[in-house]
Each structure stands twice: as C-alpha cells, then as structure tokens.
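Hi there,

Here is the structure I promised to send over. Have a look, and then read on for what turned up.

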Amino acid sequence: MPSETISREEFSVLVDRAGLKLDEAQFEAMRGSYVHIRALTDLLRVPRSRKTEGAHVFHAPMPSADKQSASADTSISKE
Amino acid sequence: MSEIWKLGLAETARLIETREISPVEVVDHYLDRANALNPAVNCYVRIEDDSARASAKVAEAEIMAGRYKGAMHGIPYALKDIIDVAGLPTTNGSRLTLNDIATEDSAVVERLSAAGSILLGKAETQEFAIGGPDFSLPHGPARNPWDLDRFTGGSSSGSGSAVAAATVPLAIGTDTGGSVRTPSAYCGLVGMKPTYGRISRRGITQQAYSLETAGPMTWTVKDNAIALEALAGYDRLDPASADIAPQAWSMAVDMGVKAMKIGLVRNFHEQEPDGFSDEIVSAFELAAKVLKDAGAEIVEVELSPLRHYFAAQRVIMYGEAAAFHEDDFRSNLHLYGPYAIERFLPGFLLTAADYVQASRRRGELIRELKEAMCEVDLLLVVGAVGAAPLIKGIEPGSLLNGTLSANAPFNLTGSPAMIVPTGLNPSGLPLAVQIVGRHFDEFSVYQAAQVIETAVGCRNMYPEITAGKC
C-alpha cells in the first residue's frame, strides 16, 4: 500500500536537501504526487536474506596487457 | 514515380539498387511531403532541404559509378532531436539547449552516413526525452497523423509522427522506458528497442544511462531489420557498447516461427484490470492466435507483477535523470517546461538507498526473466495501455498518477523488445502488440514480427493525412 501523503514540513525538508527552489504550485503538485513515488519505492523492498548479493558486483579492473607483460618481464629479469 | 512514399524502405532500396529510381527523386519526393505536411503534424523541428538534396546527388553519382553501398544507400531518415549531428543544434526540445550546436556526429549518424543514408530532418522530441506534449515550449508537440487531436506517444514523438505521415521511411528514436515503442504503438509503426548495448549511445543526450538505447521506427518489419543492420555495431567510445557483430536481420522475415516456443505473459495485464483497454488485450490475443496458427508452440509464462518491474525501472530512471540534470534544476529550473519538471523531480526526492534497492530488484527480475526465457524463445506482452489518447487529456499533473507501462520492464532487463501493429480499432486508431526476445536475439523477434505483420495485413492502410485526404 502507498505511504500516506507527506506533510508540508516533511516535504520541505526533502526539497531543501535536494537544493531545489520550487514555487508554491510546483511544491504542492509534487507533494500531492509524492504518494506515487513512495508506492514505487515500497515495492522495491521485498524480503531478502542478509546474504543476498547486491544487483551489481564490483570487479577490480584487470591489469592491461601492457602492464601484465611488463610485470612478467620484471619477474623474469629478477630471476 | 508518383507515390514513392508507399514503397517503404526495402522496396525503395531495391529500386535504387537496380537504378530504376534515383536517390535524388526519392529525397525530392520526401522533402516535398515533409514540407507540405509538417505544418499540420509538427513532426520536424528542422528540415534539411539543401543538405539532403546535396547528399542525394552525391549518392546518385556514387551509385551510377558502381559504388553502391547497400540497402541504406540513398535512403532518407529523420533523427530524434536529442541525437547529435555536427554543425546542427541538438535542442533536446528544451529552452535550456535551444541553441546548442553539436560539434561532432553521434555514432548513429556516423553509421548511417557510412551506409549512404541521408538526413532529411530532425524530429521533435519531448523535452529531454522525458517531458510530455508541452505547448509551452518553443516547438510544441508533434501530432498523431491518424487523428491530429491525438497524442503520438513519447518521447520519440516527432519520429513516430514523421514515419506515420510517410514524410520519411525511417526515423531514429531513443527508448528509456518505452520511448520508441509507445509512439510506434500509437502511430501504427514497427518500433524496435534492441538489446542494451547493440547501438552506441555516443552523441545522444543522456536521460538514464543504464536503461536507454536508440532504435529504428519504420512502416514494416523488413524496413526495420534493414535499418538495424546499419545502426548496430561495437563502439569502443561507448562504455556500454557490446562487442557483438550485427546479424543479417532482414533475412529473418522469411523464416517463420515453426518450432519456436512463445510464452504469453498474461499476468502483466490480468493483474491490472484497469490498466489496459479491452481492445489492446484483444490485439494481444489476436497476435497469440496468429503465431499459434503459424506453427509456434504457445505456452503461458507468469512473471512477477508488472508493478514490480515498473517500480524498479522508474526509480532507476528518475535517479539517473536527476543526477544528469542536478545542476540545471538548481540554477535554471525556470527554463524547463512543466511536464519535464514534473517527471524529473521525483529523482530529487529519492534516497541513495532507494536507488540501490531498485538496482537489487533489477538484478532479481533480470534473473527471473532469464530463467523464464530458458524455456521459451520469445515472450508476447501487451503493446501499450490502449490506443492513442487525446492530447488535451494529458495535462501536467497526470504523468505521475501511477499509470503503468508494459514497455518499461524490458529497459530494466535490457532485452530486445518490438512493437508490431495489429490493425485499427473501430475509431481508426492503431493497436499493437509487443514481442520480447532473449538478449541479443533480435533475429527471433523479427521472425515473429513478420508473421504477425503478414497475417494482419494492415500495412496498406494509411492515415488520411498521409494519403492526402486531410
């Protein structure tokens, strides 16, 4: 179920945090639509275990071919 | 030849190759139509009369000298005005960038130019590919050629209108949540959103970088496949570009669907009884029957509710778009139109955790779809929420009212997805269905699309304005 519509004070905090300067009509229109935004974000929170992986897994960039061969050369020269 | 516009891309290409028609004749014909119809349909923000005619003469000379480049040689096209052409403004449909001149060609334009295609004009776009039909902006919205009071859909609104009015046989749109497919559905076109990474995004104004791709919009399936062959390909300058060779997609149109297994995703619309019109559901059922009659095995596939896919797509889109527009929203908000403000603002109200939760949900839903598609070759999904609505019914404030999209899920998953017309409703407005493939399997999508197009047989029905009766 969508969350309740946000109060003026609470919504004002969000707008200030975003660094926006809305006129009264924009402010009220967006405050009225906020329930739909919360309806979207509520749907994202599905039950997950603590071990559930994030969607995107960070991979460290692989060394470039040039650096790999340079590293290999260094290793060989040390031998 | 008096009605070149009825030939479409593939047949025009054949006649150019056999020298039965000249690119000069083709371009002159389409320029005449574009200039005559644009005051009514408002699909172009600029028409390139001089450069198009000059390019046509070059193409003609090349072909006469035996240097024919292939099916796109001498074919005119329109380009959504968020895509760069060196020396021309990329207005993005916004006061903010009204006079921004591009310094380089986009990858899309580079590829089409290399294929010998000819830019006819830049097509109207909803502001920054997200706003609505905004009359407060300098250019105003494109009109739907099937009914000038109707919405084209967006955000590739001018691209849809330009092809439906037959002012050009091909337009390039972009699709972040349905922006190729919705105008294709509303304007009665074939519209392909290829797999994410198939077409380079270089030189296209960003909206939501992890969701968007360019795509061709045409009158027929074969026209579309020919265009994608020219557009697709690896670009090392686009970090999302996929190093996978394009295929001969135009060969798919002769292959049929025998031995294919196609999954019907009914739960998307059945769980939203107020979200989709009866006639768009009938179009879906018609397409399912056509595919079955053509020899495909039809099975039911149930995915998570549409709202779950939609929510993750929207939160990611809003978040990425807000990051892109952050500086301008803080300092130049007054330059945006009301529809764009309304559609960008949600991104500023989200938290970082919201975005990450959407990304986690995205991963889960991609896995779900991938598992489902291990069992089937294609999915069939409703194409739009209904036929094209009246423009006057789309007021600012109506865009965030929870209206769903059955197109958005496949931007979330990066899957190829295509709109195919299924005929007209009793009011003479186009209806359509959506075909979804496995990643990088546009070939199967084109196979099924051609079967539907052939069976429905609606490609000889044109809007009255196109036929010159308006």
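First, a term: helix axes are lines fitted to C-alpha atoms over the stretch in contact, and angles run from 0 to 180 degrees between N-to-C directions. Helices (H or I, at least four residues) are DSSP runs, numbered from the N terminus.

This is a predicted model, where local features need pLDDT of at least 70, side-chain atom pairs count only at pLDDT 80 or more, and totals for chains, interfaces and linings use all residues. Residues are numbered from 1 along each chain as its sequence is written, chains are lettered from A and ligands numbered from 1 in the order written, and side-chain values use heavy atoms, leaving out hydrogens and water.

In chain B, helix α9 (residues 278-293) packs on helix α14 (residues 442-456) at about 105°, with the axes 9 Å apart. The pair is therefore roughly perpendicular (65 to 115 degrees). Contact (heavy atoms within 4.5 Å) joins Leu286(B), Ala287(B), Val290(B) and Leu291(B) of α9(B) to Ala448(B), Val451(B), Ile452(B), Ala455(B) and Val456(B) of α14(B).

Helices α2 (residues 23-41) and α3 (residues 49-64) of chain B cross at roughly 160°, their axes coming within 8 Å. These two are therefore roughly antiparallel (over 145 degrees).

Best wishes

Note on methods:
Parallel < 35°, antiparallel > 145°, perpendicular 65-115°, else oblique.
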